[in-house]
Amino acid sequence: MLTFLERWLGPETAAWLGRWLTRPEIRFHYPELLLLALPVGWAYWRWGRTSGITGAVRILSLLLLLLAATGPTLNLGGEGLDLVVVVDRSRSLPEGSETRIKELITTLETGRSRGDRLGIITFGSTAQTEQVLAQASALDGYRKEILPDGSDLAAAVDQALDLVKDGVRPARVLVFSDGEANGRDAQSAARRARDLGVPLDFREFPRLREGDVAVESLQLPDLIAPREPFQYSVYLQADKATTAKVTVLRNGQAISTTERDLTLGRNRLVFRDLLEQGGLANYEVRVEVAGDPLVENNRGTAVTKVEAGPRLLVLNKDGAEDNFVRALRAGRIPVDVASVNTFPLSRDSLDRFRAVVLENVPAGPLGRLKMERLAQFVEDLGGGLWVTGGPKSFGTGGYFNSPLDELLPVSMEMRQEHRKTRIALAIALDRSGSMAVPVSGSKVKMDLANLGTAECIRLLSPGDAVAVIAVDSSPHIIQPLTDVDDVTSIVDKALRIESMGGGIFVYEALVAAGKELANAEQATKHIILFSDANDSEEPGDFRNLLAKFEKAGISTSVIGLGKNTDVDAKLLEEIAKLGKGNIMFTEDAEELPRLFTEDTMSIARSSFIQADPATQPNGIPGKATAEARFIGELASGPFPSTGGYNLTYLKPDATQGALSQDEYAAPWSAYWYRGLGRVAALTLEVDGTHSGAFGQWPDYADFCITHARWLLGGEAPGEVFVKLTRSGQDAIVTLELDETRSQAASTTAPTLMLVPPGSGRSEPQKIPFQWRGPQTLEARYTLGEAGVYRSLVVSGGKKLVDVPAITLPYSPEFMPRAGLPSGRETLVGLSELSGGKERTSLDEIYADAPRSARRQSLIPWLLAVSVGLLVTEIAGRRLSLWSAFEQRFMKRSQAAASTEVEDAATQPQIVTSSGTSRTATVYPQRPKTNRPLPTPASPPSKSSKPESGTKPDTPTGPKPETAADIFAKFAQAKQKTRRKP
């Protein structure tokens, strides 16, 4: 056909027509039928030709019918294939799989042809769209976070199908996985793919499991009494008969070691134990088998609770019993005492306590992580917290800007009206290369040091002055010493400091800070030096420099990022000692803002108020308030005086139980509900040199016991009964309600407050209960990561009852698959159900389109338009629509022609030699010039008038036709034509 077209239309025209006929958007099933245009055109010229609008309409109708005969279709999807790659990123994939998968994705990216698009879905416990379908893309790394302790293959396939669900373009899904899914059944997703016509291909990444021995479960009773003997079971799943060494540990200490012969299948091992102390007891079982291919599932964990009543934990500086502890025990309150420096303060260690007391201890030994756990213990798990005062507590103890700051019912900021002196502060910051190391989220160490600097500046008042210096191998003045009038501007400069590489020259930093403070007018002058404890260089003659600073009244504190055993830690300690300032080390960069503010507060003012021996010989007086009765009877007589207290301010919504009777009227006792727990603050020193008359008060023990009992709370209501079971990876909490409960409780469903595992503070989850019967509710959640899950039942914002803890010993990815299909069987089943195949090679995947793109036939549209044109043509002839149109057109033409005739009549006529006349062409006259005219040979006649007796020449020949006559003849001829049969 192309040869024929080239012969008749020429090579270029034929090539253009061929490209148009074969373009992917429009396709003709029978393009050869376009040759019918030749005979149809000849027949129309011979028998159906007509003029005017009717002829144009007939020609257009014939063209549309001819196009319809060729079977044209419109491609709605365009050119190419849509390929969605589903990538398994769970823990169960063998080592090196991630690198291999990225190489395969690169192969798919470079192998795309015109119109091909590639999308990427990654999955673990959840699925994420890493890359939408795109024709040009390159995967340089995964950007979406995936929880690796799970494989929800069904969710990943569903998300991949969502990218191609319109079905317009041909599409395939390619799965890179081991197939060991532990989410919902992926068969439904495969059936959906089959209905959409999208095959599921796969490339298997298998993990060796043959001969595996795994701990299936460790089953303990939920609740036992002290000294009650109990039995517990360990279930092992073995793929072969073998001998295993089994060790059982309680709270980290081995209590049993034995060798057992295992048979193929499930094995049960029985153990016995007895517990005395209350709280949660953590059990762990470890299995050792020679040649085990999967050691990740060789341990199991579980917890049991010893119900021994509520206990109170007191943390003090040395763990020794003092008057405060003896007073609590006198009220028959179970108390444990420990040193704040050694007690782990982990979630496991807090499980056996209902409340915690921090007795005049600084925040430093606790650290950020311990304080975060303590905050979650209160707010999310319904515990109690009591902070008592002293020189090492509250603001002077570094609790300002700590995780416990917002938890306390009192605030510790420095208010301007209570400032005694003004300070000039110079902050020298290490901005060496080590400060560019990421620490949390998108922050680096430098960012947190900047935040600490900003918090220091915000603590200052307009009468204070501040300078900010960034130091590497030389000092850089970010903010010269200036009064703190525009806090926002100074803070903005500090927050923009960036790490510039190199090391920190300590001597240069101290010299630059000293120069800034040399001419300061404030009474207190202080330097904060922040430096890396492993990278503090060029100290120079710092001893003589600090001696000069001491004479000038300049003190120096050091904040070291690292620990006191690092290379340069001794240097930093000596600088702080000679500078008469503080030395603070931390390995946790997120602690920096708190440390900066702690040092600033200790220098700006002492927030521990002591009695003035001259004006207050009997101590600082105080009084109880009427609101004290909300937690019980605090005192029967007048409130005693004290030798000192921590200056704080009552927060809104907090209740004040006692306050000072001095110029500050500061709270001494304050308390409030925080989250699900209770928090109290006592700014007096309960046992020490500053206790004064308060420590000798006859009602001292009652005062302490009343606070402690309020913190411990009441007993759980008897109208709620809870049960926890586990089904695979799901935990099921069943709640049985008492039939005699109140009417309000019968209609309101409670909520399950769940705290998942984590080293720091975990984000709690609120899981609603669903009614399963008149008195029965149920809540279900998934154990997505290894660790201990703690939960309690909450209703109306109040704690109802504790739920037994449940543990997941290892990632669900390594769970025994007894009774479940293998990973390969899962992948093959999905592939066969959807019409896919296993892809050992990816070379031909783009060429293997499962179906054509969806095409829309244009025949109905062409026929509809043709019929419409046919009806229009018939109506035009029968109703004389075209005649009326032509008459209106002729009238307009005649009017235009008459105008032209009139214009022509005004033009001068010229009679030619043949006797005809024509209109003379009038040219514009040339402008006159001053050139002299030539002298004529004979003078012209004096008159141009004809002589008398003669007649002017009269034109001869036929009279010329006007435009009106021509149009009249044309109309008569047309009417004669219409009258022909």
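Is Leu65 buried or exposed, or partly exposed? Leu65 is partly exposed, with a relative accessible area of 40% (buried means under 20%, exposed over 50%, partly exposed in between; 1.4 Å probe, protein chains only). This is a predicted model, in which local features need pLDDT of at least 70 and side-chain atom pairs count only at pLDDT 80 or more, while totals for chains, interfaces and linings use all residues. Residues are numbered from 1 along each chain as its sequence is written, and side-chain values use heavy atoms, with hydrogens and water left out.

Leu65 belongs to helix H4 (residues 52-69); helices (H or I, at least four residues) and strands (E, at least two) are DSSP runs numbered from the N terminus. Together with Leu36, Val40, Leu62 and Leu863, Leu65 makes a nonpolar surface patch of about 370 Å². Such patches take residues with over 30% relative accessible area and no salt bridge, nonpolar side chains being joined within 5 Å; a salt bridge is a side-chain nitrogen of Lys or Arg within 4 Å of a carboxyl oxygen of Asp or Glu.

Strand E43 (residues 776-782) has 5 of its 7 residues buried, so it is largely enclosed by the rest of the structure. A hairpin through 4 residues joins E42 to E43. Strands pair if DSSP finds at least two bridges between them.

| Strand pair | Sense | Bridges | Partner residues |
|---|---|---|---|
| E39 (residues 730-737) and E43 | antiparallel | 7 bridges | Val733 and Ala779 |
| E42 (residues 770-771) and E43 | antiparallel | 2 bridges | Trp771 and Leu777 |
| E6 (residues 171-177) and E7 | parallel | 5 bridges | Val173 and Leu200 |

An open sheet of 5 strands has the order E5-E4-E3-E6-E7, with mixed pairing. Its edge strands, E5 (127-134) and E7 (200-204), each pair on one side only.

Technical notes:
Patches are made of residues with over 30% relative accessible area and no salt bridge: like charges are joined within 9 Å, nonpolar side chains (Val, Leu, Ile, Met, Phe, Trp, Tyr) within 5 Å. Accessible areas come from the Shrake-Rupley method with a 1.4 Å probe; for residues, only the protein chains shown count as cover.
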